[in-house]
Structure formats: structure tokens, C-alpha cells
Amino acid sequence: SSRVLWTLAVTQLATDCIKALRAGCLREEESERFNKFLLHVKLEHQGNKKTNGLWNLLAVRKITLISSEESPDSDVTTEQAKKFLEEATFEPVVEEPPKVEAAEEDLFDLLE
């Protein structure tokens, strides 16, 4: 549907913006600000049925915390930056079907 395509486009655009923000923060030695922001993004979107795709796309594109190897102002190790992404969930979020009441079960039995 067009809504799904729109959601995918917005998610890709948001990911591109976060990637550009990361590059700018790396250049300006603002790794702490970026790392706090990315942690907020993770906490806000990982596992959220509506926006989990954003977090998963960041993980697939390996957009992670800025490590001390990349910038001297960072206190995040390379291992911590890798582990930060490993916790992403790549399974699609599926809503559970509604539960069928006992009375409805009896009606379905009558139909068979």
C-alpha cells in the first residue's frame, strides 16, 4: 500500500539524516552528544511496533555509537559500539490475532 511505501521512505530518510548527523558530530568532536542521541533513538524505537523499522535499519546500515577509536572525545570502546547494534531485533513485529471467546468457538463448531 502507499502508506507502507511512505513509511519506508520516511524511515530511510530518517536513517540518512542520522548518518549525516553522525558524520558531523564526528567532525566537530561532539561524540558524546551523538552517542546520547543514538541511545535515545534506540530506547524510543527498539521494540516499538510502529517504529522498530527505524532501529533495525540503523543496525543493518551499521550506524552505531562513535567510538574512541574514531574520535578522541569518545569514551565508548569499539566493542561497546559493536555490541550496541547486536541487540537489534530483525524479526518483523506481528500483532497477535484477537482471542476467540468460548461462545464464539461454539459457533464455529456449529458451522463445521
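Which helices do the buried residues of helix 3 pack against? In this predicted model, they pack against helix 1, helix 2 and helix 4. The close-ups below start there.

**View 1. Helix 3 is mostly covered.** Seven of the nine residues in this helix are buried. The buried set is Asn-52, Leu-54, Trp-55, Asn-56, Leu-57, Leu-58 and Ala-59.

**View 2. The largest nonpolar core has 16 residues.** Ile-18, Phe-34, Leu-38, Leu-58 and Leu-65 have the most contacts inside this core. Two or more residues come from each of helix 1 (2–27), helix 2 (31–45), helix 3 (52–60) and helix 4 (78–86). Helix 3 gives the most, with four residues.

**View 3. Here is what Leu-65 touches.** Leaving aside residues up to four places away in sequence, Leu-65 is in contact with Arg-22, Asn-35, Leu-38, Glu-70, Val-76, Ala-81 and Phe-84. Leu-38 is also one of the residues with the most contacts inside the largest nonpolar core, as is Leu-65 itself.

**View 4. Two aromatic pairs turn up in the structure.** For Phe-34 and Phe-37, the ring centres sit 6.3 Å apart with the planes at 50°, so this pair is tilted. Both belong to helix 2, three residues apart, or about one turn of the helix. Phe-34 is buried at 1% relative accessibility, while Phe-37 is partly exposed at 32%. The other pair is Trp-55 with Phe-84: ring centres 5.4 Å apart and planes at 90°, so edge-to-face. Trp-55 lies in helix 3 and Phe-84 in helix 4, so this pair ties together parts that are 29 residues apart in sequence. Both Trp-55 and Phe-84 are buried.

**View 5. Lys-42 lies over the face of Phe-84.** The distance to the ring centre is 4.3 Å. Phe-84 is the ring that pairs edge-to-face with Trp-55, and Phe-84 also touches Leu-65.

**View 6. Gln-46 sits in the loop between helix 2 and helix 3.** Gln-46 is partly exposed, with a relative accessible area of 26%. Gln-46 and Asn-56 are ten residues apart in sequence, and their C-alpha atoms are 7.7 Å apart in space. Asn-56 is one of the buried residues of helix 3.

**View 7. A look at Cys-17 and Cys-25.** Cys-17 is partly exposed, at 46% relative accessibility, whereas Cys-25 is buried at 12%. The disulfide count comes to zero.

Methods. Residues are numbered from 1 along each chain as its sequence is written. This is a predicted model: local features need pLDDT of at least 70, side-chain atom pairs count only at pLDDT 80 or more; totals for chains, interfaces and linings use all residues. Side-chain values use heavy atoms; hydrogens and water are left out. A nonpolar core is a set of buried Ala, Val, Leu, Ile, Met, Phe, Trp, Tyr and Cys residues joined through side-chain atoms within 4.5 Å. Buried means under 20% relative accessible area, exposed over 50%, partly exposed in between (1.4 Å probe, protein chains only). Contact means heavy atoms within 4.5 Å. A disulfide is a pair of cysteine sulfur atoms within 2.5 Å. Rings of Phe, Tyr and Trp (its six-membered ring) pair if their centres lie within 6.5 Å; planes under 30 degrees apart count as stacked, over 60 as edge-to-face and the rest as tilted. A charge sits over a ring if NZ of Lys or CZ of Arg is within 6 Å of the ring centre and within 35 degrees of the ring normal.
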